[in-house]
Amino acid sequence: MKISVIGAGYVGLVTGASLAKIGHHVTCLDLNEEKIEVLNKGRSPIYEPGLEALIQQNMKAHTLSFTTDFDIACQLAEIIIIAVGTPSNQDGSADLTAIKDVSEKIGAHIHHPGTIIVTKSTVPVGTNRKVKSWLHTYSFSADHFMIASNPEFLREGSAIHDTFNGDRIVIGSENEEAARKLEEMFAPFGVPILHTSLESAEMIKYSSNAFLATKISFINEIANLCEKLGANVEDVARGMGMDQRIGSAFLQAGIGYGGSCFPKDTNALVQIAGEMEHEFELLESVIKVNAKQQVKLVQMAKDHVKELKGKRAGILGLSFKPNTDDIREAASIEMIKLLVEEGVQMTVYDPVAQDNAKSFLGDTVTFADNCFDAIEDQDMLFIVTEWEEFKVLRLKTISKLMDLPLVFDGRNCFALEEAIDANIDYYSIGRPAVTQFSNSKKNV
């Protein structure tokens, strides 16, 4: 099939490259000329394991191309996939400006009778019906297109794997021909397909992310209680996860969720509920818990260090999760902001996210060339992202490098037994503290 993907961001690129891999001819369009220039050189503008190699492979096979020209993207396309951003407005609702603009442009450039317009962007319930009216704005014939919703369920850092090994593909459409053709397009992935209405498909995306966010905030609240009761949240989560009704996924205690999806989608769902005069109290609490959890390490430091001003701290990890350079809604940014206000001098390191972080952090911190430079001679160390590069370090090595061996681990990267053996003060999430030197505030 001839497919065009509008929006060469995270979702658009992964979708386009994956569809090209299974034999479709894909054109990815983006109005950012610099991005398209980079892509036409076979390079990915975002960090996602395996994506750049997939782009190069498909370009070599002549199944994937990139353009800024809507006429090129639309003139022969059988299926057009909208994958532009829907960032949050100030009130938490989804900004549909890009969706509206792209829909109108598609309507003005459609040449292929029976073109299917698929919205993959995360949008509020009812948006696809608006897309249909926006397409009408400049389209000379309503018969030129069919509408469908196809939400994405990709995890940053494993998006290629998720595409080829997904749990389900959701196709929302009231047009049987469109649904059948989309099922045919996706068939080579071998992933179960669920057919729904437009509204149900839109709601599935928000509901899924809201539920996963709820699991994260729930286990973090349990972790905070475990710290007060002397229990170990890892044992608690393991015991919970063995129950098949609960499952172990998303029960890893830490410093909360971030990224481009969970914060945006939970806030948007609260706004959607509000528009229906429904108070979504559970989800409002999930959001509140997460906001507090993201700065938990700062509070732990204030509780255990006599005076933060003038202290030197290392920060390991800036991206909101491993295997991505995405720092949107990352706990690191808010943490660093608060530590700067406390007068802490910080040296930070992330394997891939430093360039993105520089636009947010500027000269408020020192960027290290490697993790050891971020650890050496520090008064304290904060572990913010569980990169494998950090998890393979030994706490004994960290202890020797630091001026004072004091570690705040927001991702529970190390066993408590190792912390005891390393003669280090080690504070983690939902587990007993390891205090080798003092049980009171430290005069560091």
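## Helices α5 and α6

In this predicted model, helix α5 passes helix α6 in a right-handed crossing. α5 spans residues 97–109 and α6 spans residues 127–138. Their axes lie 7 Å apart, and the packing angle is about 45°. That angle makes α5 oblique to α6.

On the α5 side, the contact uses I99, K100, S103, E104, I106, G107 and A108. On the α6 side, these meet T127, V131, W134, L135, T137 and Y138. Sorted by class, the contact of α5 with α6 holds 7 nonpolar, 4 polar and 2 charged residues.

## Helices α1 and α3

Two packed helices are described by the angle between their axes and the distance between the axes. For α1 (residues 10–21) and α3 (residues 51–60), the angle is about 45° and the axes are 9 Å apart. α1 is therefore oblique to α3. The crossing of these two helices is left-handed.

Which residues of α1 and α3 meet? From α1 come L13, V14, A17, S18, A20 and K21. From α3 come L51, L54, I55, Q57 and N58. The contact of α1 with α3 comprises 7 nonpolar residues, 3 polar ones and 1 charged one.

## Helices α9 and α11

Helix α9 covers residues 198–229, and helix α11 covers residues 262–275. Their axes come within 9 Å and cross at roughly 115°. So α9 is roughly perpendicular to α11. The crossing of α9 and α11 is left-handed. α9 brings M203, K205, Y206, N209, A210, L212, A213 and I216 to the contact. α11 brings F262, D265, T266, A268, L269 and I272. By class, the contact of α9 with α11 divides into 10 nonpolar, 2 polar and 2 charged residues.

I216 lies in helix α9. Is I216 buried or exposed? I216 has a relative accessibility of 12%, so it counts as buried. Leaving aside residues up to four places away in sequence, I216 touches F250, G256, Y257 and F262. F262 is also one of the α11 residues in the helix contact. I80 is 136 residues from I216 along the chain, and the C-alpha atoms of the two are separated by 35 Å.

## Helix α14 and its surroundings

Which residues of α14 are buried? They are A331, S332, I333, M335, I336 and L339. What do these buried residues pack against? Their partners are helices α13 (296–304) and α15 (354–361), together with strands β9, β10 (345–349) and β12 (380–383). Just after α14, G343 takes a positive phi of about 85°.

Most residues other than glycine have a negative phi, and most peptide bonds are trans. Two asparagines call for a check of the backbone. N323 has a phi near 65°, a positive value in a residue other than glycine. N323 sits in the loop between β9 (312–316) and α14 (331–341). With a relative accessible area of 34%, N323 is partly exposed.

N423 is not a glycine either, yet its phi is positive at about 55°. Where is N423 placed? N423 is in the loop between α19 (416–421) and β14 (425–427). N423 counts as partly exposed because its relative accessibility is 42%.

## Cysteines

A disulfide is a covalent bond between the sulfur atoms of two cysteines. How many disulfides does the model have? With a cut-off of 2.5 Å between the sulfur atoms, the count comes to 0 disulfides. C74 is in no disulfide. The nearest cysteine sulfur to that of C74 belongs to C28 and is 13 Å away. C74 has a relative accessibility of 0%, so it counts as buried.

Relative accessibility at C371 is 3%, so C371 counts as buried.

Terms used:
Residues numbered from 1 in each chain as written. Predicted model: local features only at pLDDT ≥ 70, side-chain atom pairs only at ≥ 80, totals over all residues. Heavy atoms only, no water. Axes fitted to C-alpha atoms, helices over the stretch in contact; angles between N-to-C directions. Helix = DSSP H or I, 4+ residues; strand = E, 2+ residues; numbered from the N terminus. Parallel < 35°, antiparallel > 145°, perpendicular 65-115°, else oblique. Left-handed = near helix turned anticlockwise from the far one by under 90°. Contact = heavy atoms within 4.5 Å. Nonpolar A, V, L, I, M, F, W, Y, C, P; charged D, E, K, R; others polar. Buried < 20%, exposed > 50% of the residue type's maximum accessible area, 1.4 Å probe, protein only.
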